[in-house]
Amino acid sequence: MSETDTRDPGLRERKKQRMYETVSDIAVRLFMEKGFDAVSVAEVAAAAEISKPTLFRYFPAKEDLVLYRIADHEGEAARVVAQAEGAAVEALRRHFLEGLERADPVTGLSDHPDVLAFHSLLYGTPSLVARAYTHQERSEAALAEVLGGDLDARLAAGQIMAVLRVLALENWRRIAAGERVADVRPDAVAAAERAFGRLAAGLPPHLSGDTR
């Protein structure tokens, strides 16, 4: 570590962040070109011009090289609810609908070639799907904590995260099959309204109301 890094923790964090982004981008590009299972961690390290031990300090598992792309969405539902001024389900409904409006990749409603290629890599690789499930579990646990942490909160969080996942996956499947975003969006909005309406009706009052 340089003397400058020691004196400026912010610079050190920025350099660390750039390392994460650079190595992940290189890995994802290789995986898209050759297939996830056909590329070794050693090959990724060589392409990134770092040692294999250094790579593992940043990414404990090979799958993390890919899932870093969506790491910032982990706990997103919990953050939305924590900042909401009203019902948790209503806040999440608005957030998801806003995502559909701007074609946010996390909603599955994006036809950008890079997004489609990434989702094909993710959903088409069993080990990545399994690893992504651990992200889902952590997001669910964070949401349950915000909702109160008891059994009712954990049950609600499980239902909410399942709805978000299924809605996004359905949108992605239709876009990946060749449908246009403009054609899918009305159905996606209607499905989201229907799903969140059922969630609100089925949850206990203290969870479907203000959780702050």
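Modeller: One cut-off is needed. A residue counts as buried under 20% relative accessible area and as exposed over 50%, with partly exposed in between. Keep in mind that the model is predicted.

Start with the network. Salt bridges link Glu 90, Arg 93, Arg 94 and Glu 193. One pair in it can be followed in detail. Arg 94 bridges to Glu 90, with 3.4 Å between the closest N and O atoms. Both residues sit in helix H7, which runs over residues 88-101. They are four residues apart there, so about one helical turn separates them. Arg 94 has 38% relative accessibility, so Arg 94 is partly exposed. Glu 90, at 30%, falls in the partly exposed class as well.

Now the wider picture. The whole structure holds 12 salt bridges. The general idea is simple: side chains of opposite charge can pair when their charged atoms come close.

Take Asp 187 and Arg 174. Their side chains meet in a salt bridge, 3.0 Å from N to O. Asp 187 belongs to helix H11 (residues 181-202) and Arg 174 to helix H10 (residues 151-176), so this pair ties together parts 13 residues apart in sequence. Asp 187 is partly exposed, with a relative accessible area of 42%.

A further pair is Glu 43 with Lys 34. Their closest N and O atoms are 2.6 Å apart. Glu 43 is partly exposed at 25%. Lys 34 is partly exposed too, at 47%.

The largest pocket holds about 1100 Å³ of space. Helices H6 (76-83), H7, H8 (113-123), H9 (126-146) and H10 each give two or more residues to its lining. H7 is the helix of the Arg 94 and Glu 90 pair, and H10 is the helix of Arg 174. In total, 37 residues line the largest pocket. Nearest its centre lie Ile 70, His 73, Val 106, Tyr 123 and Gln 136. The lining divides into 18 nonpolar, 10 polar and nine charged residues.

The second largest pocket has about 180 Å³. Its lining includes Tyr 20, Tyr 58, Phe 59, Asp 64, Arg 131 and Arg 138. Helix H5 (64-67) and H9 supply at least two residues each. H9 gives the largest share, four residues. By type, the lining has seven nonpolar, two polar and three charged residues.

Terms used. Residues numbered from 1 in each chain as written. Predicted model: local features only at pLDDT ≥ 70, side-chain atom pairs only at ≥ 80, totals over all residues. Heavy atoms only, no water. Salt bridge = Lys/Arg side-chain N within 4 Å of Asp/Glu carboxyl O. Buried < 20%, exposed > 50% of the residue type's maximum accessible area, 1.4 Å probe, protein only. 1 Å grid on protein atoms, 1.4 Å probe; cavity = no way out; pocket = protein on both sides within 12 Å on 5 of 7 lines; lining within 4 Å. Points joined across faces, edges and corners; volume = space filled by probe spheres on them. Nonpolar A, V, L, I, M, F, W, Y, C, P; charged D, E, K, R; others polar.
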